[in-house]
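Dear colleague,

Please find below the structure that I am handing over to you.

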Amino acid sequence: MDGVEPIPEASASEHKMSLVSLRAAIRIRKRIRSLKKSRLQLELSGRKSADITRPSLLRRQFSTESRCLSTFESPRIFSFDTPSLEQVALSNLRRKKKRKKSRPVLYPGNGRKYLPIEHKSKAKRCLYLFIGIVIFQILNAIENLDDNVLKYDLDGLEKTMQREVFGQKIAIEKIMDLLEDYLATHWHNKPLVISMNGPSGVGKSHMGRILAKHFRSVVESDFVLQYYVMHNCPSDSNVATCEAELTDMISDMVTRAEIEEKIPIFIFDEMELMQPTLLETLHGYFKLNQSNEFLNSIYILISNIGGNEVTKYFLQNASSDILNVPQELHNIIQSSLRQHHGIWDVAEIVPFTLLEKSHIANCFLDELLREGLYPDSSNIENLAGQLKYYTIKDKQYSITGCKQVVAKVNLLHPYT
């Protein structure tokens, strides 16, 4: 018995060792099989992708070679060699990089899908409103300018001047241009000063009376002042009193006109006889550094200063046809005015020219009609021939203008 018992122990231990080695062999074999299987799968997948991409690669290669054959120095040789897996992978990566993927629009899962709404800009609305306001103001300003000009009836004034003032077409046009520009608005940076200069009897005082009569009818008589130096301040009167009266008249009229938004008209005749103290007082109202109401005024200065220069100039240039008064005559008159006083430095000079014999005949005709007498042409020619003239070649210029016309017509009046 003792000799038989150890045999099963040895067989048991051998049996255990064989099981362990068998399990290890099985694990190694499974491991090898799994490695082989994975390798085969990798090779099969690589071959399939290579087989799939090979025709497209060949087509692309052929097309690119045919396109770029002229640009390469040596031509490429077509071969049946298949690209490697690395080359295929690189080409796929390059292709993916070149593709531009459009980003999908993401919508909330709980709402409906709508296109994004474009919100209107508030800045645009403000810009449109601002442009509309500017256009409205411009149109309103233009209409106001037209209204101001219509209010003063300058067309009627021009027709009256053309009808009643003879031989001064250029002076009338210049005066009307100055008045239209100034009366177009109520706001100014300086007063308008017009100086009418020329020899005696050419229509300066008559023009002043026409202006006074017209503006009295359109802006009321309270805002028109006619100041005759020999009447309002004679040479023997007190200068201080004349100065105080002139200052009070101008200040009072300007203040009242500013309240009613009207422009006052001041007409000063016989300026060559005004004393230096009054000239300085009047000059103070022409300056720019004063209140706004004194800037909205029109001053008309009438004088015979520069009359000798006008006569001399026309007699020297009688042979030439003077259609426009040249700048040379304007400069001559202005230099003569500056020698008299500096008040004319800021004035617009309007020269009044000599009157021809035909203009004198028109003066007689107008005066005869005023007096109710028959306008006989032979009688008018006889009356015009009684006056004295400057005779230069075929032209005759009146020495006294129309100054003696009234006296000559009064001699013909039956009641005189």
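**Disulfides and their surroundings**

When the bonded cysteines of the protein chain are numbered in sequence order, they pair as 1-2, 3-4. Please keep in mind that this is a predicted model. The structure holds two disulfides. As a reminder, a disulfide is a covalent bond between the sulfur atoms of two cysteines.

One of these links is formed by C233 and C242, whose sulfur atoms are 2.3 Å apart. The link of C233 and C242 is right-handed, with 100° about the S-S bond. Both C233 and C242 are buried.

The other pair is C363 and C402, with an S to S distance of 2.0 Å. The torsion about the S-S bond of C363 and C402 is about 75°, so this disulfide is right-handed. The pair links distant parts of the chain, 39 residues apart: C363 belongs to helix 13 (residues 357–371), while C402 sits in the loop between strand 7 (395–398) and helix 15 (405–412). C363 and C402 are both buried.

A further cysteine, C126, has a relative accessibility of 53%. It counts as exposed because the cut-off for that class is over 50%.

**The chain as a whole**

The protein chain has 15 helices and seven strands. Of its 416 residues, 32% are buried. The accessible surface of the chain comes to about 28,100 Å², and carbon and sulfur atoms account for 56% of that surface. Among contacts between residues at least 6 apart in sequence, 75% join residues at least 24 apart.

In soluble globular proteins, nonpolar side chains tend to be buried together. Here, the largest nonpolar core has 86 residues, and L179, L211, F215, I250, F268 and L282 are those with the most contacts inside it. Helix 5 (residues 169–183) gives the most to this core, with eight residues. Leaving aside neighbours within four places in sequence, L282 is in contact with several residues, including I250, F268, Y299 and I343.

Y128, which lies in helix 3 (residues 122–152), is exposed, with a relative accessible area of 56%.

Finally, S221 is placed in the loop between helix 6 (204–219) and strand 2 (224–228). At 44% relative accessibility, S221 counts as partly exposed. S221 and P264 are 43 residues apart in sequence, and their C-alpha atoms are 9.6 Å apart in space.

With kind regards

Conventions:
Residues numbered from 1 in each chain as written. Predicted model: local features only at pLDDT ≥ 70, side-chain atom pairs only at ≥ 80, totals over all residues. Heavy atoms only, no water. Helix = DSSP H or I, 4+ residues; strand = E, 2+ residues; numbered from the N terminus. Buried < 20%, exposed > 50% of the residue type's maximum accessible area, 1.4 Å probe, protein only. Core = buried A, V, L, I, M, F, W, Y, C linked by side-chain atoms within 4.5 Å. Contact = heavy atoms within 4.5 Å. Areas by Shrake-Rupley, 256 points an atom, 1.4 Å probe, with all protein chains shown as cover. Disulfide = S-S within 2.5 Å.
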